[in-house]
Every structure is written in structure tokens, then in C-alpha cells.
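User: Can you walk me through this one? I'd like the plain version, topic by topic.

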Amino acid sequence: MTAGRLERIGSYGVLAAFAFLAIYPILSILFLALHTKTDLVTGFAFPLHPDLSSFKAAWTEGHFATGFKSSFIVAATVTAVSAVLSIGTGYAFGTMRFFGDSILFPIFLLGIIFPYEATVIPLYYDFQDVPLLHINLLNTYWALILPQIGQSVAFGTFWMRAFFRSVPPSLVEAARIDGASSFGVLWRVLVPQARPAVMTLSVLVFVYTWNEFLLALVLVSGSESHQTAPLGLSFFAGAARAGDPTKVAAAAVLVAMPIVFVYLFLQRHFVRGMLAGALKE
Amino acid sequence: MGEIRLDAATKVYANGVRAVDSVELTIADGEFMVLVGPSGCGKSTLLRMIAGLEHVTEGRILIGDTDVTSMQPRLRDIAMVFQDYALYPQMTVRENLGFALKLRRVPKQQREARVVEVAKILGLDETLLDRKPGLLSGGQRQRVAMGRAVVRQPAAFLMDEPLSNLDAKLRAQTRGEIKRLQRTVNTTTVYVTHDQVEAMTMGDRIAVMSDGRIEQVGAPDTVYSRPANTFVAAFIGSPAMALVEMSRAEGDTFARGGLRFPLGDIAASLPEEIVVGVRPELCRLWADGADLVGPFDGTIDYVESLGRETFIGVTVEGDAGFVIEAEGSLRATIGETVSFGVARRGIHLFDGGTRAAIATL
């Protein structure tokens, strides 16, 4: 056996070991969900007779239809609005020079730096009595949508600025000379090229927003109809864990499914985002 | 209509760098003006100022009778060809060519007819019109970039080193095509290049630039045969003119170390310190009886045999360098000593202090 072949076997062995480590807990949960309560499963157990009844029960008892609806409304809105705003801000910072741009951009980046743990309490009080408007936004979708747009635009501005800066300046100049306005340059020349970058941004923002838990816990937990899927899962797990772990496992799988589908169909964009090192915690 | 006038045009960057320094230049309607100079001389910056892509710090720019100094690029009625072509990658060739017309709301039928007409002028096969730039060769992309400028029928073309990405053979071919095209459409053209061959062969006039200033403007022949100063003399011509600093010795002779150069009657009117400029075609291998100043003995530094001629770089006493032009393919060894002479007629004399031209013998 040659040294090259040995090295290849060793490399694949290491990759397989780490892949197993990563996938083991996910498989555990999936296998648990495919059992019934009476199987009395402990640890990693392959389902010899897969059963989907836990999924049906979890869906109904956990009211996940509502949770999914809420999560989808919030994630879709945040993704769409953030993408549009980030294209605009990224275009401005990436292709233009204007007074204060060197100060304004770092201010935008503050949105990436501050975690929700630091801002969720002030947000609670701000939304309880919104300054100037004097309305209560707690337990509404706005309480989740607005701060997540804020943070997503911070990341999105960073992301799209990097993209627009990678476009040859001569392309923008050529469009300006051909007669395009600033908006025309963006819409007709840059956005068509930006589709991959926007797709990657959208995937990342959707995944982060779908998975967001702390904001939902603090800002909408008082209204079941506005609870997102991860929050609903947390409440369901707390209630049902001791009684029927298979239902909890099934609920976890259900909540994870949309992200898995997004990843499966758009993994190219997801991996591109990971490799760019632009992920936030 | 297409006259371009630069009136003390100046560009100073925020860090204080004076990239373009009070340039005065008038380019006549229909003229092909070449801005030539080494990297960093300000030629591209000047072009971009005319295009409106660089803010003008001081002075004015006029296109026709219109002061365009503060005008946006899209309102200046100019078209630009970029070094990297700047073709829109997501659009087909047809869409690239028609983009400016579409922005001007030219009716579709008219637009399409104009695109096909320009494609024909530029030798672009109709089958290429529905391809995207990524599937074109370098030469084809260059033609599409030209076509995008031509299709608009602007008051002026601005070209920023459009041939620099092509191989030597294609560059030579395209040079002639650009010149022929410009004559056909008779549009004022400002062409930037660092390649003096392009400058000499394409321009009606050339403007030699250095450190943000224009050193000399004139027809290529004039700039070559009557350089205004040592910078122009050294920059135009390949191989470069030999420039040798000399001081007055005795009589009509100027010297540098052991190198002695008799200059005849004109010597009396020259300053004490001069620079003697000698082009390679004036330096020939010594032959008894030839009407040459010399002989001078030089040590061979390099030999460039180009088939039809050979250039021999030599250093003579006094550490002065010359380039000898010899006919045919000559064999010579580096380090050997060779005797050569200089034809008197055509020697350039420059002031040793100001470096400005004094006379050409």
C-alpha cells in the first residue's frame, strides 16, 4: 500500500469520525422520534419498526401549525426587508464616497457586535411603550421583526458592501457614462450580478431568524398565537419531556425540518456564506 | 461640435498629490489626440476628468461650447472605452450594444437596427450578438466595447488603453482598425496609452505627459524629430535616445571625461553645460571615409538582434551610453569593444540646466 493511499484512508477515516460526531446527536433525536413511548428507548437506538405517530401527536398537541405560521411570517418578512435594505446600504457603502461614510459604516457594524442577550431587556421596555408613538408592541410580530431587521441589515450591509466592492469600478463607470442614474446602475447592472450574493444573504438571514429563540421568549411569550416554532418547542418540551420523550424528539425534528429543506436545496449558498467567514453567533 | 478644451484643468487629491497640473489643451473637432506618458503621469486621470469620473479641482473643461466641468458623465455626450472593456456580464452582446440607447428610450426597432449596423461596421458576426461577453475572445470583447461607444454617436470618444489586454499581433491589427473607424465616423477621440508605437501610429497629434503636466503637443513626426525637452526625447523613440551630459572643453568641442564631441559653429552660442541627444539611427559602426563624428570606442553592454536590424548598447569613456543601429543580424559579444561614429545631422542639443531643447543639428 503506497503512502498516498494510506494518507487518503487516514484522511477519510478522520473525516468520517468527525462527521459521525456531528451527525450522531441529530440521528439520535430522529431515531427517538421514530419510536413510540412504549418502546422505552434510552440512548442511540435504531428504530426497527419506524412509527410516525409521535410526529402527528407533537404537531397537534404542540400547536406547531401556529408556531410555523409565526416563524414563517417573521422569517420571511425579516429576510425580504433585510435583503432589500442591505442591497441599498451595501451599494452606497460599496460604490460611493459621501460625507461621514467612514464613521457611519462602523456604526452599522455595531449591529453585528451586540448580541440579543445585551439588548433584549432594553427592547422589552422600548416595545412595552414605544417612544413618541406610545403603543405596546409586545406579543406582536413587530416585536420580533423590527429588531431582527436591524441586526440582519447590519450583517447584510457588511455582506453586500463586500460584494459591491468586488465588482470592477469600471462597470459602474461605464453604466454612468451610458446614461444610467445611480438607481439605474444598481437596478440594471449590479443587482443582476448580485443574485448569488443576495441568495446567500437571504439563506443565512432566514436560517438565523427561524432559529432565534431569546427574542421570542422575552417579547412574545405572552401570546400563544404569536409564538414562533422554536419557542413553542421549548414550552412543549418542558411540558412533555418527562411524560413522552418521543413526542419531544418528534417536535424537535419538525421544527428543524424547514431549515433542513432550505439547506438541502440551497446548500451551495449556505456553504458559501460559511466559508466567507461572515456568520454571526 | 466635438471640440474639447481644457482650460487650466487641475486635479489635486485629498493627500495633496497634484495628479493633473494646470493643463491647457485644445482638441479640434474630429481630431485623434493621443495622451502618452509613463505610468503615473496623469494621462488616465485627465481622461477621467473629461469623462466626468474625476472631480476637477481647478480650471474648466468644455465640450463644444458647453462647460461640462461640473456636469454628470451621462450628460456630457461622451462615450468611453475602458481598458478592461467593462462589458455588462449578464447582458448579451446585443444588449450591451443597445444599453445606452435603451436608457435614452430609443424605440426598439430603431435600436435593433442601429445595433446590427454597428456590429457590421466592427466586423462582429450576427451569431455573436446573442452571446454573453464571457463566451467571447479578447479581440471580440474589445470590438464590442468599441461598438458600445460607436452606437451612441457621441460628440467624443474617450479610450483608456483599450489595446493593453491584447496580444502583440492583435494589438497591431486593431490599431489600424480603430484609426480607420475613427476616420469613418469622424468623431473627436482622446486616446490614452503608455505605448509610444500606438501614439506615433494612431494620433493626429500626441500630447506627451509627465508628472501631471503636458511636456509637448504636436504631430508625431514633430515630437519625434523636434522633442521639446530631454523627457520627450527619451520617452519617444525605441530604443530611447542616448542623452549625454557634456561640458564645454576647448574650441567647438564639448566633453564628458575622455569623450570629446565637436559641435561646429553652433558651439559658440551654447551654454556651458548641455545635454547631447543621439538617436540610434545616427550611431553607426565606424567605417573609414564615412561622414561621421568619431570614431568612439564603446564596450558592448547588450545586443538586440531583430532580424532586419541589430541594436548594440555600448558604454564609452566618461560613462556615457549610446545605442548603435546596424543593418541586418549582427553577431557581437557582450564586453567586446566596438568602434562607432555619429552622424552630425540630427543630433539634438538640450540646455544642461533646464533640459529644454536648444537646437537640432
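Analyst: Domain bounds here come from an automatic or database domain assignment. On that basis chain A has domain 1 (1-51) and domain 2 (62-275). This is a predicted model: local features need pLDDT of at least 70, side-chain atom pairs count only at pLDDT 80 or more, and totals for chains, interfaces and linings use all residues. Residues are numbered from 1 along each chain as its sequence is written, and chains are lettered from A and ligands numbered from 1 in the order in which they are written.

User: How many residues does each domain of chain A put into the contact?

Analyst: Domain 1 of chain A gives 7 residues and domain 2 of chain A gives 7 residues. Contact means that the C-beta atoms of two residues, placed from the backbone, lie within 7 Å. On the domain 1 side there are 4 nonpolar, 2 polar and 1 charged. Ala, Val, Leu, Ile, Met, Phe, Trp, Tyr, Cys and Pro count as nonpolar, Asp, Glu, Lys and Arg as charged, and the others, Gly among them, as polar. The centres of the two domains, taken over C-alpha atoms, are 32 Å apart.

User: At what angle do α3 and α6 of chain A pack?

Analyst: About 35 degrees, with the axes 6 Å apart, for α3 (residues 64-95) and α6 (residues 141-166) of chain A. Helices (H or I, at least four residues) and strands (E, at least two) are DSSP runs, numbered from the N terminus. Axes are lines fitted to C-alpha atoms, for helices over the stretch in contact, and angles run from 0 to 180 degrees between N-to-C directions. The contact of α3(A) with α6(A) has 18 nonpolar, 11 polar and 2 charged residues.

User: Next, His226(A). Why does it count as buried?

Analyst: Because His226(A) has 24 C-beta neighbours inside 10 Å. A residue is buried if 20 or more other C-beta atoms lie within 10 Å of its own, exposed if 12 or fewer, and partly exposed in between, with C-beta atoms placed from the backbone.

User: Where is His226(A) found?

Analyst: In the loop between α9 (214-219) and α10 (229-240) of chain A. Leaving aside neighbours within four places in sequence, His226(A) is in contact with Ser70(A), Asn139(A), Thr140(A), Tyr141(A) and Val220(A). Phe68(A) is 158 residues from His226(A) in sequence, and their C-alpha atoms are 9.9 Å apart.

User: Which elements of chain A give two or more residues to the side that touches chain B?

Analyst: The contact takes 14 residues from chain A and 17 residues from chain B. Those elements are α7 (169-178) and α8 (182-211) of chain A. The largest share of that side, 7 residues, comes from α7(A).

User: And chain B, how many helices and strands?

Analyst: Chain B has 8 helices and 21 strands. Of its 361 residues, 40% are buried, and the C-alpha trace spans about 80 × 45 × 35 Å along its principal axes.

User: What order do the strands of the open sheet take?

Analyst: The 6 strands run β13-β12-β11-β14-β20-β21 in chain B, with antiparallel pairing. The edge strands, each pairing on one side only, are β13 (259-262) and β21 (357-360) of chain B. Two strands pair if DSSP finds at least two bridges between them. From one strand to the next the twist averages 35 degrees.

User: How many bridges for β20 and β21 of chain B?

Analyst: 3 bridges, in the antiparallel sense, with β20 covering residues 348-351. His348(B) has Thr360(B), in β21(B), as bridge partner.
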